[in-house]
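Colleague: Thanks for making time for this. Could you take me through the model and tell me what lies behind each label you use?

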Amino acid sequence: MKVLVPIKRVVDYNVKVRVKADQSGVDLANVKMAMNPFCEIAVEEAVRLKEKGVVTEIVVVTVGSKTAQEQLRTAMALGADRAILVETEENTQPLGVAKALKALVEKESPDLVILGKQAIDDDNNQTGQMLAALTGMPQGTFASEVNVADGKVSVTREIDGGLQTVELSLPAVVTTDLRLNEPRYASLPNIMKAKKKPLDTVSPADLGVDLTPRVKTLKVEPPAERQAGIKVASVEELVDKLKNEAKVI
Ligand code: AMP
């Protein structure tokens, strides 16, 4: 069984992002980049399925610039067998990525595609759903548990107020939620081994897709600065301020 894991290179989650002076986006100059955390969970799940003997091959793919090879190598150090870079200098958007992934699904015929539920840079939460719609594959989103057996995958989903379990026939699309697993760290020997694993580069034109952005960002603004707090002398003063200044009670 083959698994395709699409991963995205994003600003490292520890970085406090700064908005560019012209408000056109987030400043990426000299900022630490990393694999999107939900994609790390997707890679980990694929590796665990391989360790269980369910999966035989894990292919990781990213749509992005040459620099994203770094994240593909990290994924291979974590256990993926080979990687594909769909090289573009465009700022990627879910529909374009989903179209590129559809072309790769047709070429690679994976039994399962495991994506992150969302990329933490643009917070779109769209790519997996769009891929499922474009390919006609069933989808299990926000997975907190994944089990593959008898040509089917059962996905436990985190929904409002509880858990829902759905059973999908393969091939299927799964997107990962935070509690699915805790990703491992890559060991030094595996980082060295990953340097020798195959990494193919293709262009969007090779796949017959156009990645020109369809959505234009008009303006990006940082959240309002938090005001400094004050100390009150008594409960009476606190109640008075909540009632008459903040007007919340
Ligand atoms: P999004 O819909 O942008 O929030 O992203 C959801 C998931 O889609 C990510 O966690 C990745 O698994 C996948 N994805 C998004 N953008 C890309 C990209 N440029 N290359 C590969 N996979 C991507």
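Colleague: What kind of model is it, and which atoms and residues count?

Modeller: It is a predicted model, where local features need pLDDT of at least 70 and side-chain atom pairs count only at pLDDT 80 or more, although totals for chains, interfaces and linings use all residues. Residues are numbered from 1 along each chain as its sequence is written, and side-chain values use heavy atoms, with hydrogens and water left out.

Colleague: How do you know how many helices and strands there are?

Modeller: They are DSSP runs numbered from the N terminus, with H or I runs of at least four residues for helices and E runs of at least two for strands. Counted that way, the protein has seven helices and eleven strands.

Colleague: Why is Asp150 called exposed?

Modeller: Exposed means over 50% relative accessible area, buried means under 20%, and partly exposed is in between (1.4 Å probe, protein chains only). Asp150 has 78%, so it is exposed. The residue sits in the loop between strand E7 (139–149) and strand E8 (152–159).

Colleague: And Lys50, which label does that one get?

Modeller: Its relative accessibility is 30%, so Lys50 counts as partly exposed. Lys50 belongs to helix H1. Leaving out residues up to four places away in sequence, Lys50 touches Val55, Thr56, Ile58 and Asp81, where contact means heavy atoms within 4.5 Å.

Colleague: What makes a group of residues a nonpolar core?

Modeller: The members are buried Ala, Val, Leu, Ile, Met, Phe, Trp, Tyr and Cys residues joined through side-chain atoms within 4.5 Å. The largest such core has 37 residues, and Val5, Ile7, Val43, Val60, Leu112, Ile114 and Val153 touch the most other members. Helix H1 (residues 37–51) gives the largest share of this core, eight residues. Apart from it lies another core of 23 residues, including Val86 and Leu115. In soluble globular proteins, nonpolar side chains tend to be buried together.

Colleague: What does Val43 touch?

Modeller: Beyond its neighbours within four places in sequence, Val43 is in contact with Val5, Ile7, Met35, Val60, Ala75 and Leu78.

Colleague: Where is the cis peptide bond, and what is its omega?

Modeller: It joins Leu170 and Pro171, with omega about 0°. Pro171 is in the loop between strand E9 (162–169) and strand E10 (172–176).

Colleague: Which residues does the UniProt domain annotation cover?

Modeller: The unreviewed UniProt entry places "domain: Electron transfer flavoprotein alpha/beta-subunit N-terminal" on residues 23–211. Such positions are given in the numbering used here, feature names are shortened, and annotations may be inferred rather than shown by experiment. In the model, that span is 32% helix and 31% strand.
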